[in-house]
Amino acid sequence: MTAAARNPLAILSREDCKVQSLTVSDQHATLLLTSRTDEKAPDDGDEISATTDDQNTTTKTTQSLLKLTIVPFHKQLLGSNPVLSQEDIEKGQVAERNCLRHDPSASDKILSFLKQYTFQLSSDSGEEYSYYTASPEKGKSDLKDNEDMLSGIGKFDVELISPATPNQISRAMPSLGHVLIEETPKMYFECTKPYIQTVVDSGSLSWIKNLVEVKKEKERLLLNHDDFIINIDTKWRSHPPPLTTPREEWMNHPSTVDLYCLGICKQSCITCLRDLTSEHIPLLKGMMKEGLAAIKSIYGVDQDQIRVFIHYQPQFYHFHVHFTRLENEVGCSVERGHLVSDVIQNLLLEDYYKKRTITYKLKKGTALESIIGAYLEEHRD
């Protein structure tokens with residue numbers, strides 16, 4: 001899909017586009033966009049159905065995720081077409097089974113609202129991820145009652161994932177709760193590892209190559225090392241705009257209270273914590289030392305104010321390390337985060353992460369949770 005075709009307005013303007021609300025809060029919303037596209041050849045999108053209109057054109061249904069950061073937030077409007085009812089959530093209904101049921105009238109109102117904005121590209125991974133600044137366009141209003149509302153909003157940030165994979169959509173779905181998994185080495189090798197390999201083989205991680213080769217999102221790059229990069233994580237939403245704010249203004253910026261940076265390994269053979277051995281200790285020490293030094297030199301934040309940790313399960317299966325300010329507790333829960341300093345100590349013991357049982361929290365309704373559930377049922381004593 002071309003960059004122009006990935007523009008939010010281009011997707012929203014498709015005649016058959018429908019919008020469903022996945023999650024909403026006072027400041028954020030995640031919307032699921034579903035539309036049909038006519039293409040001369042198939043691509044790697046999330047293809048729901050395909051029909052041939054003529055010998056050269058294929059019609060397929062593509063889904064995208066649109067994530068908005070907006071203050072003040074129009075929670076009622078953007079949340080008016082939920083993918084699941086509260087009753088569904090309370091019953092534990094698996095979200096994917098219900099994601100095509102929607103209210104056309106609510107969808108049209110959300111579309112009309114969003115189409116009153118222009119979307120200026122601010123960063124592009126070169127794959128499915130792109131980032132925009134949305135601004136209200138004067139005189140472009142289908143909903144006249146929204147004119148005053150629009151003028152009071154100003155600009156807001158947008159993340160677009162298009163086309164979105166089933167795994168990405170699953171992560172964005174309303175939470176049905178979580179389960180605590182005690183993953184033994186046997187369970188990992190027989191169940192989890194084959195799942196990880198299917199994700200790697202699917203090609204859905206190709207966007208990472210553009211990052212580690214510094215072909216995309218250069219404005220977010222803090223350090224380019226032979227073995228890894230350090231960049232600004234997109235979850236650091238309060239960071240001053242990297243494209244337009246001089247770097248000298250980043251030093252001691254008020255937003256550093258929300259500091260969130262990411263170290264990404266250039267080796268693609270390391271997928272997660274389980275792959276680490278003692279031979280990776282120099283890599284981990286280098287990522288921690290160089291990452292903390294870069295953060296100090298760019299933002300003025302001392303290393304004793306930064307936690308450095310690894311997720312298991314991670315959000316994506318290409319090894320990476322998180323750097324967050326102590327005040328920022330996003331993603332560092334005890335059942336998911338593993339401090340790099342502790343990991344280094346553990347790796348001094350032979351094959352530590354290949355031999356131990358690891359306990360972690362897993363979202364209900366995800367592909368991995370379903371696979372593990374079936375595995376546990378099959379091996380129940």
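**Aromatic rings and their neighbours**

The count comes to 10 aromatic pairs, where rings of Phe, Tyr and Trp (its six-membered ring) pair if their centres lie within 6.5 Å, with planes under 30 degrees apart counted as stacked, over 60 as edge-to-face and the rest as tilted. This is a predicted model, in which local features need pLDDT of at least 70 and side-chain atom pairs count only at pLDDT 80 or more, while totals for chains, interfaces and linings use all residues. Residues are numbered from 1 along each chain as its sequence is written, and side-chain values use heavy atoms, with hydrogens and water left out.

One of the pairs joins Tyr 117 and Phe 156 edge-to-face, at 5.0 Å centre to centre and with 70° between the planes. The pair links distant parts of the chain, 39 residues apart, since Tyr 117 lies in strand 5 (residues 117-124) and Phe 156 in strand 7 (residues 156-161); strands (E, at least two residues) and helices (H or I, at least four) are DSSP runs numbered from the N terminus. Tyr 117 counts as buried because its relative accessibility is 0%, and Phe 156 counts as buried because its value is 3%, where buried means under 20% relative accessible area, exposed over 50% and partly exposed in between (1.4 Å probe, protein chains only). Phe 113, Tyr 117 and Phe 156 form one aromatic cluster.

Charged side chains also meet rings. Arg 220 lies over the face of Tyr 131, at 5.4 Å from the ring centre, and the charged end of Lys 235 sits over the ring of Tyr 260, 4.9 Å from its centre; the criterion is NZ of Lys or CZ of Arg within 6 Å of the ring centre and within 35 degrees of the ring normal.
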